[in-house]
Amino acid sequence: MKPSMRTPARTLNHHPPQTPRTGTRNLHRQNSITDPVQVFCRVRPLASPGGDLACARVENSTTVTLTPPDLFAKQTVSNTGPLKETQYMFKHIFEPQASQREVFGAVAQPLVENLIRGKNSLLFTYGVTGSGKTFTMTGNHRDRGVMPRCLDALFRTISDYQTKKFTFKPDKLNGFEILSQEDALLERQQEMNSRFAKGRRKDSDPEIASQASVEASPIPGIDEDNMYAVFVTYVEVYNNSVFDLLEESPLNNQKNLQSKIVREDANHNMYVHGVTEIEIKSVEEAIEVFQTGQKRKKTGHTLLNAESSRSHSVFTIRLVQAPTDSQGECVIQNRHVITVSQLSLVDLAGSERTNRTKNQGQRLREAANINNSLMNLRTCLECLRENQMNGNSKKIPPYRNSKVTHLFKNYFDGEGQVSMIVCINPRAEDYDENVQVMQFAEMTQQVQISRPTVQKLDMGLSAGRRKANKMFKMAVNNLNDLGHTEAKTLEVDLGLIYTLGPNFPNYEMDSPESNAVISDLMNYLQHRIEKRKSLKGDIENRCDNFRMLLLKMEKENMSLKTENAALHAGLKLEREKHIALENKLQRYEDSIDDLNRKVRSREEKIKEFQKRLHETKSMLSHKAQEEEKQKKHYNAKLAVELDKNSRELEIKLQRQRDKCRVKEEKIRMVSQIVNCEKLPTLMRSLSTEEVGSNLENRPNIAPKPLDIIATPRITSRPGVAVANARHRRSRSTGERWLEHRGVNPVPLGTILQPQLKNRKSITKLTDVKDLTRKTTKYCLIAQGADTEGEVETTLYKGNVIPTCAGGAQVIFDDVECLKQKSPLSSPNRKRPSNVGGVVYEHHLPVQEVASRCTMSIEGHQTSKRPKI
Ligand SMILES: Nc1ncnc2c1ncn2[C@@H]1O[C@H](COP(=O)(O)OP(=O)(O)OP(=O)(O)O)[C@@H](O)[C@H]1O
């Protein structure tokens with residue numbers, strides 16, 4: 001059994017039991033009775049029957065054939081393949097000549113019946129622009145469409161059973177409440193006052209009255225014990241926004257209309273929140289309301305339709321019904337017994353291809369929105385069909401993607417009857433789009449919708465009470481007129497009559513012989529009165545028994561009340577405990593929140609510190625790298641400085657040693673002179689100048705008279721002066737250099753070349769004669785790599801001084817340093833070097849040599865020649 005709470009039409013509309021929303025929905029559908037969407041097709045007449053070719057042909061009441069226009073041109077093949085006619089079958093096909101009345105009778109009348117029986121229905125028109133959707137739904141003055149006919153049929157049916165206005169009042173949540181008779185009266189007066197204030201015409205518009213002309217006959221199946229009220233709403237979906245066409249805007253200007261939102265009520269029915277719902281009491285009133293909204297509806301001129309709907313319009317008729325009380329006179333004042341059903345009449349905007357309409361700007365945007373919403377309707381129905389065929393709910397139809405589908409979600413997902421009229425314009429140009437429409441329609445009629453059910457509360461009231469009450473009153477009046485005054489005291493006790501006796505006779509007074517009927521009825525009533533007297537005695541006995549029973553129950557009730565009070569006290573205690581525990585829990589939760597906040601802030605701080613630590617670490621490592629670099633740099637500098645200093649010191653030491661040796665020699669000579677017997681002779685051979693100069697700076701050697709200074713040593717080279725640092729040979733005599741260098745020196749190749757004219761090169765100083773023989777200058781050439789791996793050539797220059805003993809000594813007085821820098825060398829690149837004058841290897845590619853030649857000139861230009 002399908003649960004009835006899914007139906008929008010229901011007897012209990014307040015606090016209904018809720019149905020689980022997901023998962024079970026399709027199961028319910030599987031277990032309940034379903035009907036396919038009823039699809040009808042209406043082929044409109046051609047605008048110019050003589051001129052246009054028709055691409056649609058009605059075969060019979062259920063089959064229509066579409067013929068490709070190329071077939072008329074005797075062309076059987078197109079770009080997309082062979083051309084052929086296609087047949088489509090629907091529930092009913094209306095020929096171009098079909099009247100509006102026919103369409104209403106076949107399509108809409110069953111839906112009005114549903115409405116009266118408390119069931120929901122949805123009817124929408126679908127088709128290409130200009131295919132006759134609005135004509136079918138609304139019609140014109142001469143040919144009234146489905147909507148006015150529905151209203152006409154409805155009001156004809158419920159005319160005698162309508163409530164007074166404002167008996168039911170919308171509760172703004174898609175439900176209704178029942179006002180008391182006094183409140184309803186007050187509302188009516190207020191409405192009348194406001195009408196007078198606005199100066200509204202009370203008489204109905206003759207044009208409207210003509211539209212509302214009577215045609216339809218009453219629809220059977222009405223519950224005569226109920227009372228009815230009709231409410232209408234009229235909204236449009238324009239550019240996927242819902243606008244209330246009946247809203248009273250301050251300036252009565254449609255531009256001021258605010259878009260509305262679609263909501264779901266407690267019964268899972270979709271509704272437009274805050275929509276204006278107007279109670280109407282006649283078809284004229286309904287048409288007037290409809291026309292008010294129609295004026296605000298967005299229409300526009302397009303190439304394909306002079307007055308094309310640019311929005312989807314939804315006109316909803318809601319029928320509210322509630323049972324009358326036991327007397328059959330007033331509505332029962334209980335909102336839970338209200339039944340609300342609705343019939344939604346939807347005129348969809350037409351699908352249109354922009355290349356045909358040549359729309360631009362706003363029209364183009366409208367067309368895009370129209371096509372999107374139609375496409376979404378198609379997608380939703382396809383999803384539903386697929387789910388139903390597979391027996392699952394794998395695909396969720398995207399109802400919310402468009403306001404139209406969202407509004408009608410409860411029809412497709414819940415219960416109700418859904419009907420569609422597919423409108424076809426048979427002209428050849430519409431063929432392609434008609435094919436699309438037909439395919440959609442074919443697919444739609446495979447979608448199953450759960451049949452609506454109505455659950456009625458059994459109030460224990462007699463059926464037909466309203467009618468009986470009416471007739472009873474008539475009979476009483478007649479008896480009274482005939483002199484039976486006691487008839488006036490008779491109470492209408494319809495419940496008793498119906499429960500204790502045969503059914504009340506169904507007499508209808510429809511002829512002049514009705515008096516006979518009345519007398520029959522009077523006899524029947526007198527018989528009833530007699531019977532009632534006997535029954536009254538019986539009922540008094542029963543009442544006594546009932547009183548006894550009541551007494552007993554009262555006692556039981558008292559004891560139960562005491563028990564109940566005790567339980568209440570216990571419950572109160574438990575509640576207090578519960579509240580205390582809840583408070584405690586709240587405190588704990590607060591403290592947990594507090595702690596969580598602290599934890600979060602600490603975590604943030606930790607993150608911040610970690611970030612800082614990381615930054616500091618990277619800074620330190622950067623610094624360490626810098627320091628390491630500096631250290632290396634200074635170490636290299638230090639090594640160079642140390643090397644330089646040690647060399648300088650060595651030179652100084654050498655000089656000091658030489659000086660010492662000279663002095664020792666002199667001392668030795670002086671001591672020889674002192675000891676020598678031939679002192680005077682030797683003294684003469686010594687140059688006074690030389691001795692004097694060497695001895696005058698010696699404080700511990702006392703100067704002696706020339707005649708006592710003698711030297712035992714006789715020079716092997718007579719005529720050669722003894723070693724003297726200040727001894728210089730005349731430059732005019734010419735210098736002869738002794739060049740002392742490594743075995744394979746690196747060619748200097750610099751502009752600054754050492755000037756060593758008249759030189760002799762040696763690699764090893766083996767023979768002292770090399771120094772003594774005419775050599776006046778000595779040059780020691782040392783080559784090595786500096787700290788940067790570049791070639792450094794150092795020239796230690798000195799004078800060769802012959803010594804007294806026949807040897808020679810060199811006094812260094814000049815150091816030249818030549819550095820060669822390669823332009824290709826990088827700070828990281830170390831050349832292989834041989835500190836002891838070893839060969840440097842240059843494995844350079846030919847191209848690089850060429851480039852280096854030009855660079856090398858610059859390199860040599862910047863080379864320094866420090867002089868020490
Ligand atoms: N069955 C019909 N008989 C006579 N005239 C018709 C019929 N159907 C449509 N028409 C006429 O065709 C014209 C266009 O029809 P209608 O406005 O109803 O089209 P539509 O489908 O609603 O277009 P749109 O989607 O652009 O709003 C109207 O003038 C209408 O009177």
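Let's start at Phe104, whose place is in helix H3, residues 100-116. The model we are looking at is a predicted one. Across the protein, the secondary structure comes to 20 helices and 28 strands, and 30% of the 868 residues count as buried. Contacts between residues 24 or more positions apart make up 73% of those with a separation of 6 or more.

- Is Phe104 buried or exposed? Phe104 is buried, because 25 other C-beta atoms lie within 10 Å, and the cut-off for a buried residue is 20 or more.
- Leaving out residues up to four places away in sequence, Phe104 touches Gln109, Val146 and Arg149.
- Gly145 is 41 residues from Phe104 in sequence, yet their C-alpha atoms are 7.6 Å apart in space.

**The nonpolar cores**

- The largest nonpolar core has 104 residues, and the members that touch the most others are Cys41, Val112, Val146, Cys150, Leu154 and Val422.
- Strand E12, residues 226-238, gives the most to this core, with nine residues.
- Which residues does Val112 contact, once its neighbours within four places in sequence are left aside? They are Cys150, Ala153, Leu154, Ile219 and Leu343.

**The five-strand sheet**

- Here five strands form an open sheet with mixed pairing, in the order E25-E24-E26-E27-E28.
- Its edges are strand E25 (759-762) and strand E28 (808-820), each of which pairs on one side only.
- Direction ignored, neighbouring strands of this sheet are turned by 20 degrees against each other on average.
- Inside the sheet, strand E26 (residues 777-785) pairs with strand E27 (residues 791-802) in the antiparallel sense, over nine bridges.

- Another open sheet has three strands in the order E3-E4-E7, and their pairing is antiparallel.
- Strand E3 (56-58) and strand E7 (86-89) are the edge strands, each pairing on one side only.
- From one strand to the next, the twist averages 25 degrees.
- E3 and strand E4 (residues 63-66) are joined by three bridges in the antiparallel sense, and Val58 stands opposite Val64 in E4.
- Which helix packs on this sheet? Helix H13, residues 431-444, does so, touching E3, E4 and E7, and its direction makes about 145 degrees with that of E4.

**Helix H8**

- Helix H8 covers residues 283-296, which is 14 residues. From first C-alpha to last, H8 reaches 20 Å, close to the 20 Å expected at 1.5 Å a residue.
- Which residues of H8 are buried? They are Val283, Glu284, Ala286, Ile287, Val289, Phe290 and Gly293.
- As background for reading that list, an α-helix has 3.6 residues a turn, so residues three or four places apart point the same way.

Key
Residues are numbered from 1 along each chain as its sequence is written. This is a predicted model: local features need pLDDT of at least 70, side-chain atom pairs count only at pLDDT 80 or more; totals for chains, interfaces and linings use all residues. Helices (H or I, at least four residues) and strands (E, at least two) are DSSP runs, numbered from the N terminus. The expected span of a helix is 1.5 Å times one less than its number of residues. A residue is buried if 20 or more other C-beta atoms lie within 10 Å of its own, exposed if 12 or fewer, and partly exposed in between; C-beta atoms are placed from the backbone. Two residues are in contact if their C-beta atoms, placed from the backbone, lie within 7 Å. A nonpolar core is a set of buried Ala, Val, Leu, Ile, Met, Phe, Trp, Tyr and Cys residues joined through C-beta atoms within 7 Å. Two strands pair if DSSP finds at least two bridges between them. Axes are lines fitted to C-alpha atoms, for helices over the stretch in contact, and angles run from 0 to 180 degrees between N-to-C directions.
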